Amino acid sequence: MAGGRLAQGLKGLADERVDHRFKALPPDAEGRTVGELAAERRNLFRDGFTTPVLALSAESVAHNLALMETYAARHGLAFAPHGKTCMAPQLFARQLDHGAWGITAAVPHQVRVYRHYGIQRIFLANELVDAAALRWLAGELDADPGFRFVCYVDSLRGIELMDTALREAGATRPVDVVVELGAGEGARTGVRTETEGLELADAIAGVDTLRLVGVAGYEGEVPDATPERVTAWLRRLVALAVEFDRAGRFADLDRIVLSAGGSAWFDAVAEVFAGTPELSAPPLKLLRSGAYVSHDDGHYREVTPFHRVPEEGALQPAFRLWAQVVSRPTPEQAFLNAGKRDAAYDLHLPQAQVVRSGRDGTLRPADGVTVTGLSDQHAWVRTERAGDLEVGDWVGLGLSHPCTSFDKWQLIPLVEQDGTVTDYIRTFF
């Protein structure tokens, strides 16, 4: 179960008052605490929720959490899911309860949110060069001996900036760092060659504010990725760890960090990491996939490794955005009251999946109903038949890309299959 500080933070979320800040919640819930509203177990469709409303399937979230816990354990992987997907402490707590080693972050703000809620192990998948953030980090490390923090380095200048800020802050604990190996020419961050990586290892050895604990990278940025190219890059990553170890760069470590793993290629990560040669300390094979918690009906449904290894199981899409038909100007055209402010649209447009009748609440497949575009607060819909939709109907939309779905909603109803709302997931973007 969640630790004391995290549990206390979750109680604080339950004690927060519901008001106008939170989209779609019933107007008559104003002034109740989130916990009180959850205890009422209202129905999403009948008990005052306004459209558009984003719902998160309680059953699918539970399934996805359990599936990835089993997958990581089966393949001998530690797991630090990327928290930037949801930025939801309630989901962090459930991920930790399902065996996560810690939570991954991308920027200092996210680290501060995690620490506010008592996350004790944080992997920052970026180089940290902000002096103000480093001063704050030094204070956190000094104040809490149990706090474990690891971040990337990929430049000599970055090492210089980190060392300067930490020395000026009077840091008493070194910051653990991993050398980031870039995924290839034209990819994102990280050193492009092993020679550059060795130069960074030498520079880290020359300062006492940093401690080299491993290597890491992100295979999702391999150019023109194929299984063969991703596997080749992952083998380079493992070989760099072996080279560092043979050169004595990992002295006095309990575990050597070896980290990769987005949501599209974790099967390749598991396979290559399984072949890691013996090192001077046991490797901490740290997977960082984050989108699994909600999965989706678009991008990740198409790229998930579970397509390649169906015997391992299957993730379930957990998001459904409910919007209402507010205009039906022609037999071929309709407009919903959800748009770019409500739905992810950076990878794919929402998909109409189901229609709930505005007359009697019956459900039917959204056959012949297609979202063709989004305005700020409208979805443009094409219909094949005049009777496909009428004003007042609710349309359930599947979404693509969890990372840009969570960030549009501060409080998301967690909904059981029959429409019962059991909780509300608070996000911090």
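At 64% relative accessibility, Asp224 lies above the 50% cut-off and therefore counts as exposed. The model that holds this residue is a predicted one.

**Backbone features in loops**

- Asp224 is not a glycine, yet its phi is positive, at about 50°.
- The loop that holds Asp224 runs between strand 7 (210–216) and helix 9.
- Met87 is likewise not a glycine and has a positive phi, of about 45°.
- Met87 is located in the loop between strand 2 (78–79) and helix 4 (89–97).
- The relative accessibility of Met87 is 1%, which is under the 20% cut-off, so Met87 counts as buried.
- Thr51 and Pro52 are joined by a cis peptide bond, with omega at about -5°.
- Pro52 belongs to the loop between helix 2 (34–39) and strand 1 (53–57).

**The largest nonpolar core**

- The largest nonpolar core comprises 145 residues, and the members that touch the most others within it are Phe149 and Val175.
- Helix 9 (residues 227–246) gives the most to this core, contributing 9 residues.
- When residues up to four places away in sequence are left out, Val175 touches Leu137, Leu141, Phe149, Cys151, Met162, Leu166, Thr209, Leu210 and Arg211.

**The packing of helix 9 and helix 10**

- Two packed helices are described by the angle between their axes and by the distance between those axes.
- For helix 9 and helix 10 (residues 266–274), the angle is about 40° and the axes are 10 Å apart.
- The crossing in which helix 9 passes helix 10 is right-handed.
- On the side of helix 9, the contact is formed by Val230, Thr231, Leu234, Arg235, Leu237 and Val238.
- These residues meet Ala268, Val269, Val272 and Phe273 in helix 10.
- By type, the residues of the contact between helix 9 and helix 10 are 8 nonpolar, 1 polar and 1 charged.

Methods
Residues numbered from 1 in each chain as written. Predicted model: local features only at pLDDT ≥ 70, side-chain atom pairs only at ≥ 80, totals over all residues. Heavy atoms only, no water. Core = buried A, V, L, I, M, F, W, Y, C linked by side-chain atoms within 4.5 Å. Buried < 20%, exposed > 50% of the residue type's maximum accessible area, 1.4 Å probe, protein only. Helix = DSSP H or I, 4+ residues; strand = E, 2+ residues; numbered from the N terminus. Contact = heavy atoms within 4.5 Å. Axes fitted to C-alpha atoms, helices over the stretch in contact; angles between N-to-C directions. Left-handed = near helix turned anticlockwise from the far one by under 90°. Nonpolar A, V, L, I, M, F, W, Y, C, P; charged D, E, K, R; others polar.
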